[in-house]
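Student: Could you take me through one part of this model up close, and then link that part to whatever sits around it?

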Amino acid sequence: MIRVDVKSKWFGKAEILKDVAFTLKRGECLAVLGPSGIGKSTLLRLVAGIDTAFEGGIDRPANMAFVFQEPTLLPWRSALDNLLLVHPSLSTEAATDMLASVGIGEKTDMFPGQLSLGQQRRLALARAFVGKPDLLLLDEPFVSLDEKMAEEMISLTERLMKKNAPATLFVTHEHREAARLADRTLVLAGSPASVFLPAGRGTLNKMEEVT
Amino acid sequence: MSSSAIRVLSIAAFIILWAALAWLNGDPTVLPAPGDLLRPFYRELASGVLLDSMGITIIRVIAAFLFAMTIGTVLGLIMGTQPQIDRWLDPWLVVFLNLPALVLIVLCYLWIGLTEAAAITAVTLNKIPNVTTIIREGARALDPDLKAMAQVFGMRRDTYLRHVILPQLAPFIAGASRSGIAVIWKIVLVVEFLGRSSGVGFQIHMYFQLFDVAMVLVYSLSFIAFMLAIEWIILQPLERRVRAWRMA
């Protein structure tokens, strides 16, 4: 069980987040919706433990994975090494299988710079799922992709989530993406951002009424 | 014309200019012609003194280089990533950067004595601030996203240093190495000149006292040729290798 309770988060004199609390079970996907710049990525960085300067408490598992907006790969290491260096206990066969299952099985020895942006994002997804994380954090991973590629990536993510069933926290500003992947949706709004509509199955419909 | 042809012609033009000046001057004890150096060069080579002196100087260069690079890299990495420490150490760095090499050398000899340790310490101290400054720039430019990635995925500390930090610093380390070698061998000669009884710098000191311009040139040019060979045979290919992933 992942328990997030952010009482407040400040950047200098500006309060960004206030009273954002939720829980997340294994196999469950919670989408955090809200306009750009509201503090969704900040929330995700708090949950991941990248940023520790806030008031409140977060219970998180040790085995986490993060898919960033950018692929965030090691450009000086091969696709295969990008998996093996992050997950040292992984066998070469398992890593190769994972690369094949995201559709870049031919590219194991290539540097990220030699891959297309779509292939780099597949590699980033492979890196996230191959460690069988207990908590998966997705920070707008489909932003800046054209519609066809976004659709491919969403189906791939859906397939991988079904297979591994991690607890997933998914940040986006796209209702459709949220409806597609998430079991529940939570809406952030206001300044400082707070939970505007609590997580629930009907949230999306209500959200559409509001906006 | 290709750039390597221009380089050869340029060096040839320099030697011709030198020969012309020597001919105009007419006094080989002041400026010997290029050809006049060959006989003393063979003599020193045959007696073994030239190679022995160069060997000793090279060992000093390597020792000072390794110390300066190691200490300078660690300091630069700490100062580049910890702004709090950087604020405290930066004024020291500025002082050491502006301290004349000669002052450090003389003080090391006075405080430590006319020993090998003093000589290596003096050269090392002269080079550390420079390496630190270059590596600090690299450390400040480290990618925060990759750091966040390594942190979330719980990457091991040694893996992180070797595969995330080091490749990002590699161009800076290569740059610091090249400028480091170039500066260090010159300072080593000064250190030998002032307080050692062996090495190329000592030989130059000795022939300076005998006003033997030819021998001073023989020792200087031999060592310059060796350092240029290191640059072309080792340092430049090494730099190409660490940059390979950019070209792929």
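**A close look at the annotated stretch**

Tutor: Start with residues 54–234 of chain B, where the chain is 88% helix and 0% strand and the end C-alpha atoms are 18 Å apart (helices are DSSP runs of H or I, at least four residues, and strands are runs of E, at least two, numbered from the N terminus). In an unreviewed UniProt entry, these residues 54–234 of chain B carry the annotation "domain: ABC transmembrane type-1"; positions are given in the numbering used here, names are shortened, and annotations may be inferred rather than shown by experiment. Keep in mind that this is a predicted model, where local features need pLDDT of at least 70 and side-chain atom pairs pLDDT 80 or more, while totals for chains, interfaces and linings use all residues. Residues are numbered from 1 along each chain as its sequence is written, and chains are lettered from A and ligands numbered from 1 in the order written.

Now the neighbour: 16 residues of chain B are in contact with 19 residues of chain A, contact meaning C-beta atoms, placed from the backbone, within 7 Å. On the chain A side, strand 5 (residues 64–67) gives the largest share, three residues. By class, that side has 14 nonpolar, three polar and two charged residues (Ala, Val, Leu, Ile, Met, Phe, Trp, Tyr, Cys and Pro are nonpolar, Asp, Glu, Lys and Arg charged, the others, Gly among them, polar).

As for chain A itself, there are seven helices and nine strands, and its C-alpha atoms fill a box of roughly 45 × 35 × 30 Å along the principal axes.

Methods. Two residues are in contact if their C-beta atoms, placed from the backbone, lie within 7 Å.
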